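Have the viewer open as you read.

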Amino acid sequence: AGPMKLAVKTPILLCAATRWEVAPLVKRWALHEENPSRFTGSVGGVDVVLLKTGIGASGVREALAAEAAPRLIVSAGFAGALQPEMACADLVLEAQGLDSEVPQAAREIAAKQKTPLHFGRIADTDRMLYDPKDKIALGKVERCSAVDMESAALRASAARLGCPFLAARVILDEVSERLVAEIPPGESLQDMLAFALRNARELPLMMRLGLRQARAIKRLAAFLEQLLPRL
C-alpha cells in the first residue's frame, strides 16, 4: 500500500508519557487543558491534541481508548540511545504511512536548526534499561536507533485506527550512560521526594538528567513546530 493521505479536518494526536515531557509543550504552545491528561490547541497553525499517556503500553492503550481516529499519531518525548553516535538532545524519527517527502522535510528543518537528526526504528521495552550493557545489547540485536516504552504501542494503535504514525523523540540518555535503577511511582512532589530519599546516592545522576530534560524537550518542541505544518 502507498502512503496515506492525511485528512485535513481531524487533529494531529501527540502523545507523551510524563509531565516532564508534556508540561513544557503545554506551556510553550499555550494549549488548553481539557483534563489533566488531555490538552488541545494548535502548533504552527495545525490543530493538535496532546495526551499524557503515562509510562508503558498499558497507559497508551487506556489513553487512546476514547480517542477517534486522528489525522496522525505522533509519539513524542524522550528516548534512550542504542547507538554510540547518538548524543543527548539528538532527534530520532521513525515514520509509518507518511509521504516519502517527510524525511526530506525533516532533514531540512534539522539542518536549519543545527540539530543532529537520526532515522531508524525505535525499539520497545517494558522496563527501564538502566544498565549500558542492556542498551548496547538491545541495539545490536534489534538494530534499532533508540528505545522507549510507548512508541510500539502507539505504532500499533495507529495501525488499528488506520492512520499514519510518526515517532519524533529526543535522546535523553546516551548508550554508554547509566540510569537510576528505578522508575518513580508517581509524579507528585511527595512521590518525587520519596524517590529521591530511596535513591539518595543517585542524586547527582538525577540532577544531571533533570537539567538535560529542559534542553532536550525545548529542541524537540522547536523541531515539531516546523515539521507539523509540513505533514
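Helices (H or I, at least four residues) and strands (E, at least two) are DSSP runs, numbered from the N terminus. On that count, the chain has seven helices and 10 strands. Bear in mind that this is a predicted model, where local features need pLDDT of at least 70, side-chain atom pairs count only at pLDDT 80 or more, and totals for chains, interfaces and linings use all residues. Residues are numbered from 1 along each chain as its sequence is written, and side-chain values use heavy atoms, with hydrogens and water left out.

**Overall build**

Along its principal axes, the C-alpha trace spans about 50 × 40 × 35 Å. Of the 231 residues, 48% are buried (under 20% relative accessible area, 1.4 Å probe, protein chains only). Take contacts (heavy atoms within 4.5 Å) between residues at least 6 apart in sequence: 79% of them join residues at least 24 apart.

**Strand S10**

How many of the nine residues of strand S10 are buried? Nine of the nine, so S10 (residues 165-173) is largely enclosed by the rest of the structure.

| Partner of S10 | Sense | Bridges |
|---|---|---|
| S5 (residues 72-81) | parallel | eight bridges |
| S6 (residues 91-96) | antiparallel | six bridges |

To find these pairings on screen, look for Phe 78, whose bridge partner in S10 is Val 170, and for Glu 94, which stands opposite Ala 167 in S10.

Notes: Buried < 20%, exposed > 50% of the residue type's maximum accessible area, 1.4 Å probe, protein only. Pairing = 2+ DSSP bridges.
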